[in-house]
Amino acid sequence: MAQVVLENLCKSFPARPGQKSATTAQPLLTASGAISPAATSQSASGAAQSILKHVNLTIADGEFMVLVGPSGCGKSTLLRLIAGLETPTLGSIWVGDRHVNDLPPKARDIAMVFQSYALYPHMTVYNNLAFGLRRTGSQTKDSKPSFAAQIANAFTRMLPKALSAQSKQEQAVNQTVRRVAQMLELEPLLDRYPKQLSGGQKQRVALGRAMARNPQVFLMDEPLSNLDAKLRAQTRAQIVQLQRQLGTTTIYVTHDQTEAMTMGDRIAVLNAGEIQQIAAPLELYQKPANRFVAEFIGSPPMNFINVVVKEGTHLVHPHFNLTLPQVWTSVLQPYVGKAITLGVRPEHFSVTTRSAQTLPVEVVLVEALGHETYLSCLLGIETPYLQARTSPQQVVQRGDQIGLAIHPEQVHIFEAHSGVALFPT
Ligand SMILES: Nc1ncnc2c1ncn2[C@@H]1O[C@H](COP(=O)(O)OP(=O)(O)O)[C@@H](O)[C@H]1O
Ligand SMILES: [Mg+2]
């Protein structure tokens, strides 16, 4: 086991002829204002696509770190750099006390699980699990079998099981395979070929193959995205449990915020190649550092409403007024007379009758999920619709004219231009 440290990691790919640069191709992703001027001008030159920009991240020994971000933000590239499948343009990668930039993938002692399971189709489950072990010699990493021993092992494997007097190495392989198969409930499947397995079973074999190697670090790149919703939830819990049991440092990549929230000890949010925030799941939810994180984490997402700061903590909007608690006074002082963005999570609205303090809205959509109900509401000409989460007992129908009350202690405030969050003092 080992900690992993990424220091000032950058990756650019040469621009392909006729191709737009990464940052100009994704103008929406810059809405948080978090993209640095340097990065923008670099990609605007067309010389190279800057995919990862000065990534600094420390994953503690034994930690389960989730790397989450929208498709195309550079997550797989980051994992491939750590695994040694890509070379950094700048920066350092440390695994334990080893600087691994110049080490080939095999020497890094890292196992990667991909979205596509990448199993060997001509091998049984048993041999898929055993393959990495035989290749590296045995579980003891520094003892490599001699050429003669390798030949003897290969010969032994060709014999029917009853006849083979197993070599020591093959016995060790067998033990490890059986142990991993038991943990992942793969024992009944050991003699099957990948084409005889369901998606979930294949994914468990891919996980098992990584586990069997007992590496210092697991890298997992969206390993659950090919599974249906029920199996995904099951396997999610299983991976978390296994990681706790094994204590292997893990970096898990996903674009799914539910996976991120439920699996990680900590979450690193990536957007357009830049880390936006690194925090424990609930901290990320409760104190998002900017508008991008606030919108990305949480479903339905946070609502954003532009308001103007009047004196003190009074906020005004063409359709309502809101007074925030006193703790906001000094934070809002520089913004008096200016616009800021109010962020409200769907659960921090409550449905009530209209008054001067409530948002006068029309309900345009009611989604009743059973345990809770989502309302999409129209406030003047404000778009997109505001989304509120209510209890199923609350009787609301499409077309109702209602008031939405905001819980003032629960609001988030962002600078209108940069999207950076302000926090009460
Ligand atoms: N080998 C490559 N050459 C050029 N561009 C690449 C290469 N690999 C990835 N990219 C680009 O890098 C960006 C990030 O890709 P990727 O890391 O796969 O994103 P993610 O995994 O977050 O969806 C994409 O715009 C992709 O087109
Ligand atoms: Mg990817």
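Me: Starting with α6, which of its residues are buried?
Reply: The buried residues of α6 are Gln169, Glu170, Val173, Thr176, Val177, Val180 and Ala181, where buried means that 20 or more other C-beta atoms lie within 10 Å of a residue's own, exposed means 12 or fewer, and partly exposed is in between, with C-beta atoms placed from the backbone. They cover an arc of only 130° around the axis, which puts them on the same side of α6; the arc is that of the directions from the helix axis to the C-beta atoms.

Me: Before going on, what kind of model is this?
Reply: This is a predicted model, in which local features need pLDDT of at least 70 and side-chain atom pairs count only at pLDDT 80 or more, while totals for chains, interfaces and linings use all residues. Residues are numbered from 1 along each chain as its sequence is written, and chains are lettered from A and ligands numbered from 1 in the order in which they are written.

Me: Which exposed residues sit on the face of α6 turned away from its buried side?
Reply: That face carries Lys168, Gln171, Gln175 and Gln182.

Me: And how far does α6 reach?
Reply: Helix α6 has 16 residues, 168–183, and reaches 23 Å from its first C-alpha to its last, close to the 22 Å expected at 1.5 Å a residue, the expected span being 1.5 Å times one less than the number of residues. Helices (H or I, at least four residues) and strands (E, at least two) are DSSP runs, numbered from the N terminus.

Me: What follows α6?
Reply: Glu185, whose phi is positive, near 55°.

Me: At what angle do α6 and α7 pack?
Reply: At about 135°, with their axes 10 Å apart; axes are lines fitted to C-alpha atoms, for helices over the stretch in contact, and angles run from 0 to 180 degrees between N-to-C directions. The contact is made by Thr176, Val177, Val180 and Ala181 of α6 and Gly208, Met211 and Ala212 of α7, two residues being in contact if their C-beta atoms, placed from the backbone, lie within 7 Å.

Me: Now α7 and α8, how far apart are their axes?
Reply: The axes of α7 (residues 199–212) and α8 (residues 229–246) are 11 Å apart, and the helices pack at an angle of about 15°. In this pair, Gly200, Gln203, Leu207 and Met211 of α7 meet Leu231, Thr235, Ile239 and Leu246 of α8.

Me: Last one, how many helices and strands does the protein chain have?
Reply: Twelve helices and 21 strands, and 37% of its 425 residues count as buried.
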